[in-house]
Amino acid sequence: MQVPAQVEYERATSVPHAIALLSRYAPGARVLAGGHSLIPMMKLRLAQPEVLVDINGITDLRYIQRSGHELRIGALARHADLLASPLAGEHFAILHDAERVIADPVVRNWGNVGGSLCQADPSEDLSAAFAALKGSMLIAGADGSRQVSARAFHTGPYETVVGDAEMLTEIRVPIRPGSGSAYLKVMRRAGDWPVGAAAAAVWLANGVIADVGIGLTAVGASHFVAAEAEEFLRGQRADATAFARAGQIAAEHCHPVTDQRGPADYKRHLVRELTTRVLATAVARARGPASSKGLAR
Amino acid sequence: MKITVTVNGTDYPRVVEPRLLLIHFLRDELGLTGSHWGCDTSNCGACVVWLDDIPVKSCTVLAVMADGRRVTTVEGLASRSRLDPVQEAFAACHGLQCGFCTPGMMMTARWLLDNNPDPTEEEVREAISGQVCRCTGYENIVRSVLWAAKHDGGQA
């Protein structure tokens, strides 16, 4: 029988209230959102907070909306909300690709976007997706909010820049013309963590890749990003040769480790193949629905 | 901590430790042993109940998080006079063998049919993809859910 150790529990009614509670109990407090990573870790004593600050009552943090040229996702948006959001799907197909393969439908009902990002598991899917999209995170603290690039959000496995008395409140993704995006993951069984996964977002101008974001999950890519492959692709014609070369570069520069999900060389092979494919799908989507038929999954 | 959880329409005020899991609250505090406690890691789905009408894995939710909310368990599926069509379906189609996964399967199935009264087989399989049948009796579980959809449109 697995039960968490004794812990105190506080329920936050607003973001300032949550910040005040986190400040009061820092560094012993942890934000409790969906709890689908935190509670299992508490059962195993991998996490042992003294106080849980439950933010599920802050219902105004649960939204997915457009504001100007940005998609804004409240930290408490459930995974199921993001998967069901036509707005998110219209602009960023990658988010639906990723959500479709995150855990299972019942877990997605309660687990949420902000919690997954703050958990900062190296195998977590949305981190790579938001890194590819060049999104940013809004972090609230006692002195107001600060915005941090998705690519600077994670400082290591299970570590982020969010301070003891701060909390993630929103994820922002710029909506830019000529874009397409996709996520592709290989897992051993339905709902599992990835053996490896790749994320791509491209911005085309006159058939050329004006800008590109490539994210990698679970393969030891720094900040979930394949920076060298991005650098190679920028300014290239968007064709199969370029995608394959980018896949090769991404595979060369990541650092997968052998574990129960597979050997390192197989994961490196996956990075090459998945990056190549996901770039092709993202470009096809950027060019329009007619050219992306049959490529989505 | 003092909490009140509305389970199957009845308010239950209780004093609990914050670390108490919802599944243990239901089984040990309230004696509602229909929901099963399985893997303890949110993988198997034997513990699925509805929290505010949405299926969740209750081994990974604290009882205090359900304070002031509605919980529906398998005990709440049947009305006084008849079984829910999903329950009838599991009987009619041999949807259970050992029965351990059945309560969770039925809660997810009921929710699926409430939201999608005429699902495809693929949609049924996707809906229960986070739930494990240790007898590997998935064929009959899927058949049961599809049977329920055909009878009463799946509505109780």
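## A tour of chains A and B

Start with chain A, coloured by domain. The assignment gives domain 1 (8–54), domain 2 (61–174) and domain 3 (179–286). Keep in mind that this is a predicted model.

**Stop 1: domains 2 and 3 of chain A.** Select both domains. Their C-alpha centres lie 20 Å apart. Now pick out the contact between them. Domain 2 of chain A supplies 20 residues, and domain 3 of chain A supplies 22 residues.

Stay on the domain 2 side. Which elements give two or more residues to the side of domain 2 of chain A that touches domain 3 of chain A? They are helix 5 and helix 8 of chain A. Helix 8 of chain A makes the largest share of that side, with 7 residues. Colour this side of domain 2 of chain A by residue class: 12 residues are nonpolar, 3 polar and 5 charged.

**Stop 2: helix 5 and helix 8 of chain A.** Hide the rest and show these two helices. Helix 5 of chain A covers residues 93–100, and helix 8 of chain A covers residues 125–133. A helix pair like this is described by two quantities: the angle between the axes and the distance between them. Here the axes come within 10 Å and cross at roughly 170°. Angles over 145 degrees count as roughly antiparallel. Helix 5 and helix 8 of chain A are therefore roughly antiparallel to each other.

Next, show the side chains at the contact:

- From helix 5 of chain A, select A:I94, A:L95 and A:A98.
- From helix 8 of chain A, select A:D125, A:L126, A:A129, A:A132 and A:L133.

How do the residues of this contact of helix 5 with helix 8 of chain A divide by class, nonpolar, polar or charged? There are 7 nonpolar residues, no polar ones and 1 charged.

**Stop 3: chain B.** Switch to chain B and show it as a cartoon. Chain B has 5 helices and 5 strands. Trace the chain along its sequence: the pattern reads β-β-α-β-β-β-α-α-α-α.

Zoom out for the overall dimensions. The C-alpha trace of chain B spans about 45 × 30 × 25 Å along its principal axes. The radius of gyration of chain B is 15 Å, which agrees with the value near 15 Å for a compact globule of 156 residues.

Now colour chain B by burial. Of its 156 residues, 52% count as buried.

Key. Residues are numbered from 1 along each chain as its sequence is written. Chains are lettered from A and ligands numbered from 1 in the order in which they are written. This is a predicted model: local features need pLDDT of at least 70, side-chain atom pairs count only at pLDDT 80 or more; totals for chains, interfaces and linings use all residues. Axes are lines fitted to C-alpha atoms, for helices over the stretch in contact, and angles run from 0 to 180 degrees between N-to-C directions. Helices (H or I, at least four residues) and strands (E, at least two) are DSSP runs, numbered from the N terminus. Angles under 35 degrees count as roughly parallel, over 145 as roughly antiparallel, 65 to 115 as roughly perpendicular and the rest as oblique. Two residues are in contact if their C-beta atoms, placed from the backbone, lie within 7 Å. Ala, Val, Leu, Ile, Met, Phe, Trp, Tyr, Cys and Pro count as nonpolar, Asp, Glu, Lys and Arg as charged, and the others, Gly among them, as polar. The radius of gyration is taken over C-alpha atoms; the globule rule is 2.2 Å times the number of residues to the power 0.38. A residue is buried if 20 or more other C-beta atoms lie within 10 Å of its own, exposed if 12 or fewer, and partly exposed in between; C-beta atoms are placed from the backbone. Domain bounds come from an automatic or database domain assignment.
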